[in-house]
Amino acid sequence: MSFRSRKGDSVKIFILWTVLLLFSSTLAVGEQALDLARHRIVDLSHAYGPSTIYWPTSPSKFTLEQLASGMTEGGYFYAANRFCTPEHGGTHFDAPIHFSEAGFTADKVPLEQLVAPAVVIDVSARASGDRDYRLTRDDVLAFEKANGAITRGTIVLLRTGWSRHWPDAKAYLGDDTPGNASKLSFPSYGREAAELLVEARGVTALGIDTASIDYGRSTGFEVHRIAAARNVPGLENLTNLDQLPARGALVVALPMKIEGGSGGPLRAVALVPHQRP
Ligand SMILES: [Zn+2]
């Protein structure tokens, strides 16, 4: 009898401890995920302005026109402008419909694809020696060997170091002849790496710190087509990727919600957990 009752007590204590442990670990995870004080926020977007880089064949660039700026008759200050920009220039979003007729338009891409954990693959050393460098399948496998598998639902950011050239269009694009995009030269994803990431790993977006998720010399835009076919958007002309860890950052990449848009201006940030002492 007394044995039974002690056993009953220890079962109760065990259950109580389990519940407490589960509760406290949930709290800890919740705090880590939601406490902004435990993260620094890194801006991944260039500002739009007169020096914003566009594709050489773009019909126009960013313009900002002042509509009002000054004191009103009512005695208060008032400022307002209007802006105009092609969808694909500056730090911007490629909706899947950009290269797939059946793909999502900018307003229809699920937010789960745009707010997600990120991995940063660094090819800046290789790209500095070869400005036409393309990420290889072996680069992705080597990254996974060193940092763990790239899981479904991840945003991939490819760091080439190219934003150091911004806003020097000739250095950044390789050529700045207006109306001619046939002599561009900058690094990006390679076809087989894109297939591995998009089709086998199921990543939700491909980001890059150059002008395109296809390298500058591309004429067939294979990476755009591979990604768009799976409704995977592109995040182009990103910056500050050198401030992110290989993994552990949460990316929030929210484009302007243009109804029917093929892309648009993008404000992207990364939440990077502070290193534990
Ligand atoms: Zn684009």
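Predicted model: local features only at pLDDT ≥ 70, side-chain atom pairs only at ≥ 80, totals over all residues.

Visitor: How do α5 and α6 sit, and at what angle do they cross?
Guide: Helix α5, residues 191–200, and helix α6, residues 222–229, have axes that come within 9 Å and cross at roughly 10 degrees. Because angles under 35 degrees count as roughly parallel, α5 is roughly parallel to α6.

Visitor: Which residues make that contact?
Guide: On the α5 side they are Arg-191, Ala-194, Glu-195, Val-198 and Glu-199, while α6 contributes Glu-222, Val-223, Ile-226 and Ala-227. By class, this contact of α5 with α6 has five nonpolar and four charged residues, with no polar ones.

Visitor: And α3 against α5, parallel or oblique?
Guide: The axes of α3, residues 137–147, and α5 come within 7 Å and cross at roughly 45 degrees, which means that α3 is oblique to α5.

Visitor: What touches what there?
Guide: From α3 the contact takes Arg-137, Val-140 and Leu-141, and from α5 it takes Glu-192, Ala-193, Leu-196 and Leu-197.

Visitor: Switching topic: what volume does the largest pocket have?
Guide: Its volume is about 280 Å³.

Visitor: Which residues are closest to its centre?
Guide: Of the 20 residues lining the largest pocket, Trp-55, His-88, His-92, His-98 and Ala-211 are the closest to its centre.

Visitor: How does the lining divide by class?
Guide: The lining of the largest pocket has nine nonpolar, nine polar and two charged residues.

Notes. Residues numbered from 1 in each chain as written. Heavy atoms only, no water. Axes fitted to C-alpha atoms, helices over the stretch in contact; angles between N-to-C directions. Helix = DSSP H or I, 4+ residues; strand = E, 2+ residues; numbered from the N terminus. Parallel < 35°, antiparallel > 145°, perpendicular 65-115°, else oblique. Contact = heavy atoms within 4.5 Å. Nonpolar A, V, L, I, M, F, W, Y, C, P; charged D, E, K, R; others polar. 1 Å grid on protein atoms, 1.4 Å probe; cavity = no way out; pocket = protein on both sides within 12 Å on 5 of 7 lines; lining within 4 Å. Points joined across faces, edges and corners; volume = space filled by probe spheres on them.
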